[in-house]
Amino acid sequence: MTEELVIMRDRQAVTTSLQVAKNFQKEHKHVLESIKNLAAENSATKNMFVAGTYVNRGKEYPMFYMNRDGFSLLAMGFTGKKALQFKLKYIDAFNRMEKQLQQQKPLSLPEQISLIAKGYGNLSADVEDIKNRMGLPSNMALTFSKKRNAKIINVLGGKKSNAYQDKNVRAKTYRALFSSYRETFDQERYNDLPMKDFDKGVDFVNNWYPPFELQQEIRRANAQLAIV
């Protein structure tokens, strides 16, 4: 029974108004009223009693948690031989729980470092998982787009080239690049490329060249410009 009288909550030995009502054979509503009256009489009791709830038959009801001081204050008015016996049992229970708390040594510096490192390890794993699944953020998508456009301009012979000025040839080149990209990365949009594959995507663009037939069409377009 002693272990049930006092519990550990937020690293503090406490009991509940439910336990007090049960063991001192009082109605719980009267115990609640006594606690509320104590709280109303003196603001110093605010750290002795903490409001909580319990569930009975699917419904939620109010109760209070109380530390040793709160219990002592509340039980002060309980009289009789049986009440004295339970007061002594509660005192013993508080002593046992508080002794147990005192025996829980704080973490050593190496243990704290290990715990922090573990936290960072979990964070690192979470970040890596996001990178594996998340598409390109706006800044990376913009960088990728600039790399792609620069490649197209280079392949077509510059912005002033006839091939670049020809909207049909330029569009065909963009489509050819995207077709190769989609086949390589299995993505329907450039921005859907996972962050972890960003560098691979940039390398792909930098090393891409149009199919042979399109290269010939680009050369013919630019040759026409040379003749004019």
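**Terms and values**

Author: Leu84, Leu88 and Ile91 form a nonpolar patch on the surface, and together they have about 280 Å² of accessible area. The model is predicted, so local features need pLDDT of at least 70 and side-chain atom pairs pLDDT 80 or more, while totals for chains, interfaces and linings use all residues. Residues are numbered from 1 along each chain as its sequence is written, and side-chain values use heavy atoms, without hydrogens and water.

Reader: Why is isoleucine 91 called partly exposed?

Author: Buried means under 20% relative accessible area and exposed over 50%, with partly exposed in between (1.4 Å probe, protein chains only). Isoleucine 91 has 39%, and is therefore partly exposed.

Reader: What makes tyrosine 181 and tyrosine 190 an aromatic pair, and why is the pair called tilted?

Author: The structure holds 15 aromatic pairs. In the pair of tyrosine 181 and tyrosine 190, the centres are 4.6 Å apart and the planes form an angle of 40°. Rings of Phe, Tyr and Trp (its six-membered ring) pair if their centres lie within 6.5 Å; planes under 30 degrees apart count as stacked, over 60 as edge-to-face and the rest as tilted. The pair is therefore tilted. Both tyrosine 181 and tyrosine 190 are buried.

Reader: How do you know that the charged end of arginine 170 sits over the ring of tyrosine 164?

Author: The definition asks for NZ of Lys or CZ of Arg within 6 Å of the ring centre and within 35 degrees of the ring normal. Arginine 170 is 4.8 Å from the ring centre of tyrosine 164. Lysine 89 likewise lies over the face of phenylalanine 86, at 5.4 Å from the ring centre.

Key
Patches are made of residues with over 30% relative accessible area and no salt bridge: like charges are joined within 9 Å, nonpolar side chains (Val, Leu, Ile, Met, Phe, Trp, Tyr) within 5 Å. Accessible areas come from the Shrake-Rupley method with a 1.4 Å probe; for residues, only the protein chains shown count as cover. A salt bridge is a side-chain nitrogen of Lys or Arg within 4 Å of a carboxyl oxygen of Asp or Glu.
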